[in-house]
Amino acid sequence: MALKNVESRLERLFDRTFAKGLRSHVQPIEIAQRIARELDLAARIGPSSTMAPNDIRIFLSAEDTPRFHGFEQSTIDELASSVREHALQESYDFVGPVSVQIFEDTSLTMGQLGIRVNFVSGRPQPKLVSMNGGQYNLSERPQIIGRTAECDIMVADPNVSRRHAEIWSTPDGVGLRDLGSTNGTLVNGRRIESVLVTPHDEISFGSQLFRIELA
């Protein structure tokens, strides 16, 4: 039942034109079904509960990956929800937060799909820390950084766009993506589009400097 609900939501993400274009490519619903199967195969019986992998990495061909541009984050969010719902249905527990990531694999051909699942233990809680003293707890849910009060993290700087960037926690570090801002997002002085940042990096939004700290 949980997978059916996710399939319905994934279908609504893509209009009919997009779905037709994907007919010979990997379908989002196919990814959800494959993840559920991999979770079941990798689940381990523990002392008090059955544990399922919480780190899911999806590998798509160079032909399939561009099909998800513009839908990638929505797809990831729905797939992460499908993982949690499947775990609830099967009474699985996780050793840490659920993470779903999509990668391009040039060894795959169109229509081929690779799934890799791992157990990643809970890790220190990352924070985005302003050099002015502000601190913001980060989670796997992307948080919007921008100039307006509607943003999750508001940066009062005229050089910061209304919706400037988004930031989230992953098992490998902290993900940071520029949202097409006017003045760009800089990491160590270099303008970026999407990157993993660490506590060693200096992050700039407008004239405001930030860093990552692990609590």
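How much space lies in the largest pocket? Here are a few notes on this predicted model, starting with that question.

1. The largest pocket holds about 720 Å³ of space. Its lining counts 29 residues, and Glu72, Gln73, Ile76, Trp168 and Arg177 are the ones nearest the centre. Two or more lining residues come from each of helix H4 (72–90), strand E5 (99–104), strand E11 (165–170), strand E12 (173–178) and strand E15 (194–197).

2. Domain 1 (1–119) and domain 2 (124–212) each give at least three residues to the lining of the largest pocket.

3. On to charge pairs, where the structure holds 6 salt bridges. One of them joins glutamate 38 to arginine 34, with 3.3 Å between the closest N and O atoms. Both residues sit in helix H3 (residues 28–42), 4 residues apart, or about one turn of the helix. Glutamate 38 counts as buried because its relative accessibility is 18%, below the 20% cut-off.

4. Arginine 57 and aspartate 55 also meet through their side chains in a salt bridge, at 3.0 Å from N to O. Both of these residues are buried.

5. Aspartate 152 and arginine 141 form a salt bridge as well, at 3.6 Å from N to O. This pair links distant parts of the chain, 11 residues apart: aspartate 152 is in the loop between strand E9 (143–146) and strand E10 (153–154), and arginine 141 is in the loop between strand E8 (135–137) and E9. Aspartate 152 is partly exposed, at 37% relative accessible area, and arginine 141 is partly exposed at 46%.

Notes:
Residues numbered from 1 in each chain as written. Predicted model: local features only at pLDDT ≥ 70, side-chain atom pairs only at ≥ 80, totals over all residues. Heavy atoms only, no water. 1 Å grid on protein atoms, 1.4 Å probe; cavity = no way out; pocket = protein on both sides within 12 Å on 5 of 7 lines; lining within 4 Å. Points joined across faces, edges and corners; volume = space filled by probe spheres on them. Domains from an automatic or database assignment. Salt bridge = Lys/Arg side-chain N within 4 Å of Asp/Glu carboxyl O. Buried < 20%, exposed > 50% of the residue type's maximum accessible area, 1.4 Å probe, protein only.
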